[in-house]
Amino acid sequence: MSNSLSNSSQKPAYSTLEIQAWLVSHISSLLGVNPDEIDIREPLDSYGLDSAQAMTLASKAEKMMGIKLSLIHLWYYPTIEELAQRLAEELENSQTEILQM
């Protein structure tokens with residue numbers, strides 16, 4: 001029986017702050033604004049993020065974190081702060097599931 005910790009398919013863990021920083025960086029890039037202009041407590045729709053940009057962001061997040069970022073996440077967690085917290089929780093839960101296998 002192999003050790004789960006050495007499993008190469010294990011997803012990397014990211015902290016809420018790392019996810020927030022990644023989201024700020026990518027959202028500011030998508031919108032063509034300075035990252036300093038992004039407030040993690042402001043709703044993303046206040047920045048004019050359109051559905052095509054949201055899909056691009058979701059695709060990049062999935063590649064980076066290995067977790068499916070649904071556009072519904074953006075509805076239920078409308079700020080970077082809330083979204084990053086939720087994604088960190090989902091990553092932590094997926095790590096726990098891997099370790100329990």
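Q: What makes a residue buried, exposed or partly exposed?
A: Buried means under 20% relative accessible area, exposed means over 50%, and partly exposed lies in between (1.4 Å probe, protein chains only). This is a predicted model, in which local features need pLDDT of at least 70, side-chain atom pairs count only at pLDDT 80 or more, and totals for chains, interfaces and linings use all residues. Residues are numbered from 1 along each chain as its sequence is written, and side-chain values use heavy atoms, with hydrogens and water left out.

Q: Why does glutamate 89 count as partly exposed?
A: Its relative accessibility is 33%, which lies between 20% and 50%, so the term applies.

Q: Why is glutamate 90 called buried?
A: Glutamate 90 has 17% relative accessibility. That value is under 20%, so glutamate 90 is buried.

Q: What makes the contact between arginine 86 and glutamate 90 a salt bridge?
A: A salt bridge needs a side-chain nitrogen of Lys or Arg within 4 Å of a carboxyl oxygen of Asp or Glu. Here the N to O distance is 3.1 Å, so the pair qualifies. Salt bridges that share partners also join Arg86, Glu89 and Glu90 into one network.

Q: How do you know that glutamate 89 and arginine 86 are separated by about one helical turn?
A: They are three residues apart in helix α4 (residues 80-100). A helix is a DSSP run of H or I with at least four residues, numbered from the N terminus.

Q: Why is lysine 68 called exposed?
A: Its relative accessibility is 56%, which is over 50%, so lysine 68 is exposed.

Conventions: Helix = DSSP H or I, 4+ residues; strand = E, 2+ residues; numbered from the N terminus.
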